[in-house]
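Subject: Structure for you to look at

Hello,

Here is the structure I said I would pass on.

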Amino acid sequence: MLRILINALRTGVVTTRYPDEPSLPPENFRGQPIFSTGKNLPPPEVCPVDALSQHSATGVRQLDLARCVFCGRCAEDQWVGAVTMGRDFELAARRRSDLRIEIMTDDTRIPELQPALNPEADMDQVSSEIRRVLGRSLHLRHLDAGSCNACDWELTALLNPVYDIRRLGIDFVASPRHADGVVITGPITRNLETAVRRTIEAIPDPRIVIAVGACATGGIFGEGYANLGGVDQVHPVDVYIPGCPPRPEAIIYGIMVALGRLDARQLSNQG
Ligand code: SF4
């Protein structure tokens, strides 16, 4: 017992102060790709999950952060220098369209960066009622709709002493009837489609639906005999949290955005 106490005192407080204080990811962390203007940029075919695209008529290139798995392939080989993997993890957005980012080239105008969206103008999906009722305390049901479990492990990490999400008034519950919202990981597999719909319906209004990870946000597995695609194929999503998997702070950021405690930033893709 004494040894445990001595070890605890030696270890000290390990809990992160994020989001009150910034969090720096590890050196080898890969965040969103950053594209440099005036350089030879990778063609869409390079991306294994179709996160890069180019409009056939205008030539405008786009990065879909909801689909990006941050693999770094577009920043390798001849594209070293033209593309770098950023370290930003605060990528959550309230609208799917906010995650489709135009890649600026020399021919396109670079817009002025805006630090944050106007939260009042951006509350079309997360109502002010949700902020009023759930802003200070939130209970979430986690639902794995068919994931590989990577996102689920990151969600589990939110409860450990390092991230300790309960310090923010957020907790996970076993029943959707006791929940204020649902966090969904994985693509919506056909075997679990009914479970997803019923789980969401069982949560009392107002409720929050949060999609976590590239399978749930971007539906990278597409529609097929086994999958329907992303969460928004079965229900409107309040917040999309990109990543494969998103790190725990990225999930905390997304939940804070869902509650209106933090503003979703306007994402840009320029170095
Ligand atoms: S980092 Fe993203 S955009 Fe680049 S190749 Fe990988 S998935 Fe595609």
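This is a predicted model: local features need pLDDT of at least 70, side-chain atom pairs count only at pLDDT 80 or more; totals for chains, interfaces and linings use all residues.

Start with the pairing of two strands, β6 (residues 138-144) and β8: they run parallel and are joined by five bridges. Helices (H or I, at least four residues) and strands (E, at least two) are DSSP runs, numbered from the N terminus, and two strands pair if DSSP finds at least two bridges between them.

Residues are numbered from 1 along each chain as its sequence is written.

The middle strands

On its other pairing, β8 is joined to strand β10 (residues 208-212) by five bridges, and these two strands are parallel. Val183 has Ile210 as its bridge partner in β10, and Ile184 has Ala211. From β10 the pairing goes on to strand β12 (residues 239-241), with three bridges and a parallel course. There, Val212 is partnered by Ile241.

Is β8 buried or exposed? Five of the five residues of β8 (residues 181-185) are buried, so the strand is largely enclosed by the rest of the structure. Here a residue is buried if 20 or more other C-beta atoms lie within 10 Å of its own, exposed if 12 or fewer, and partly exposed in between, with C-beta atoms placed from the backbone. In a regular strand the side chains alternate between the two faces of the sheet. In β8, Gly181, Val183 and Thr185 are on one side and Val182 and Ile184 on the other, and both faces are covered. β10 is mostly covered too, with five of its five residues buried. Ile208, Ile210 and Val212 point one way from β10, while Val209 and Ala211 point the other way.

The core

The largest nonpolar core has 67 residues, and Ile184, Ile210 and Val212 touch the most other members. Such a core is a set of buried Ala, Val, Leu, Ile, Met, Phe, Trp, Tyr and Cys residues joined through C-beta atoms within 7 Å. Helix α6 (residues 248-258) gives this core its largest share, eight residues. Domain 1 (33-103) and domain 2 (128-258) both contribute residues, so the core lies between them; the domain bounds come from an automatic or database domain assignment.

What does Ile184 contact, leaving aside its neighbours within four places in sequence? Its contacts are Leu143, Ala145, Val196, Ala211, Val212, Ala216 and Val231. Two residues are in contact if their C-beta atoms, placed from the backbone, lie within 7 Å.

α6 is mostly covered: 11 of its 11 residues are buried. The cover over its buried residues includes α3 (150-157), β7 (170-172), β10 and β12. After α6 comes Gly260, with a positive phi near 75°.

The ligand

There are 14 residues around the ligand, and Cys47, Cys68, Cys71, Arg73 and Cys74 come nearest. A residue is near a molecule if its C-beta atom, placed from the backbone, lies within 6 Å of it. The shell divides into 12 nonpolar residues, one polar and one charged. In this count Ala, Val, Leu, Ile, Met, Phe, Trp, Tyr, Cys and Pro are nonpolar, Asp, Glu, Lys and Arg are charged, and the others, Gly among them, are polar.

Backbone points to check

Most residues other than glycine have a negative phi, and most peptide bonds are trans. The bond from Tyr18 to Pro19 is cis, with omega near 10°, and Pro19 sits in the loop between α1 (2-11) and β1 (33-35). The bond from Asp205 to Pro206 is also cis, with omega near -5°; Pro206 is in the loop between α4 (193-202) and β10.

Asp77 has a positive phi near 50°. It lies in the loop between β3 (61-64) and β4 (83-85) and is exposed, with 9 other C-beta atoms within 10 Å. Asn149 has a positive phi near 90°. It is in the loop between β6 and α3 and is partly exposed, with 13 other C-beta atoms within 10 Å.

The whole protein

The protein has six helices and 12 strands. Of its 271 residues, 40% count as buried.

Regards
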